[in-house]
Amino acid sequence: MKNILSTIILYLLVQNTSAQDSKTELNTVEKCLDFGYCIFDSIRKPDVLLLHSSYCPTKKDSFDLPCILDLYKKHDVAAHFIIDREGIIYKMVNIEQVAYHGGKGELPDKNNQINTRSIGVELINSKSSYYTQNQYASLLNLWNVIKIKYPIKIITGHAETAPNRKTDPWNFDWKYFKQLIKEDSIKVWLKNN
Ligand SMILES: [Zn+2]
């Protein structure tokens, strides 16, 4: 377990921040995962932020990060970031690289290059639990950094791009998140809005 933890590449100090904070700089420590991504051969400009949720189905503690990372490794998948219950953001894959998190599916413009076009963010949450305030705050902090560097036009969830296969991010409060980001130019895309 500790070996897997040691492969996490970025640790952002975002604990104990309020959801209204709008930090544009975050302290980071990088250490790459060795699975779940490919090196992209040209400059990538992702324009989609794709949200997911993950939990550990085999342990008493559903929010056990090493267990979740083991699961990713088993399936050779990864997102760029994962946010734990305390709001710590771990960077697992460099944004310049394509992470395998979206799989088959479709974006609102009918394009199916989901991994190529997106930045993937996992939030640790089970199907029956709710995100912590620290997780929303950290996602907002992350968003405020991402939006400066990348021309994101769409923020959406896995369930929206792959409705026949996926149901995450479970219990994500899209209405609240839309209020937090206050971006009129961004389409927060959900089937029902
Ligand atoms: Zn997902």
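I started with T116, which counts as partly exposed because it has 14 C-beta neighbours inside 10 Å. The cut-off for buried is 20 or more. This is a predicted model, and I read every value with that in mind.

I placed T116 next. T116 sits in helix 3, residues 114-117. I then checked T116 against V98. The two are 18 residues apart in sequence, yet their C-alpha atoms are 5.7 Å apart in space.

**Strand 3**

I moved to strand 3, residues 48-54, and asked how many of its residues are buried. I found seven of its seven.

Which strands does strand 3 pair with? I found strand 7, residues 118-124, in the parallel sense over seven bridges. I also found strand 8, residues 154-157, which runs parallel to strand 3 and is joined to it by four bridges. I noted one residue pair for each. L50 stands opposite G120 in strand 7. L49 has I155 of strand 8 as its bridge partner.

I looked up the contacts of L49, leaving out residues up to four places away in sequence. L49 touches S118, I119, V121, I146, I152 and I155.

**The core**

I then took the largest nonpolar core. It has 39 residues. I listed those with the most contacts inside it: L49, A78, F81, I83, M92, V121 and L139. Helix 4 gives the largest share, six residues.

**Helix 2**

I turned to helix 2, residues 65-75. Which of its residues are buried? I noted L65, I68, L69 and Y72. They cover an arc of only 95° around the axis, so they lie on the same side of helix 2. The spacing rule I kept in mind is that an α-helix has 3.6 residues a turn, so residues three or four places apart point the same way.

Last, I checked what follows helix 2. I found D76, with a positive phi near 55°.

Notes
Residues numbered from 1 in each chain as written. Predicted model: local features only at pLDDT ≥ 70, side-chain atom pairs only at ≥ 80, totals over all residues. Buried ≥ 20, exposed ≤ 12 C-beta atoms within 10 Å, placed from the backbone. Helix = DSSP H or I, 4+ residues; strand = E, 2+ residues; numbered from the N terminus. Arc of directions from axis to C-beta. Pairing = 2+ DSSP bridges. Core = buried A, V, L, I, M, F, W, Y, C linked by C-beta atoms within 7 Å. Contact = placed C-beta atoms within 7 Å.
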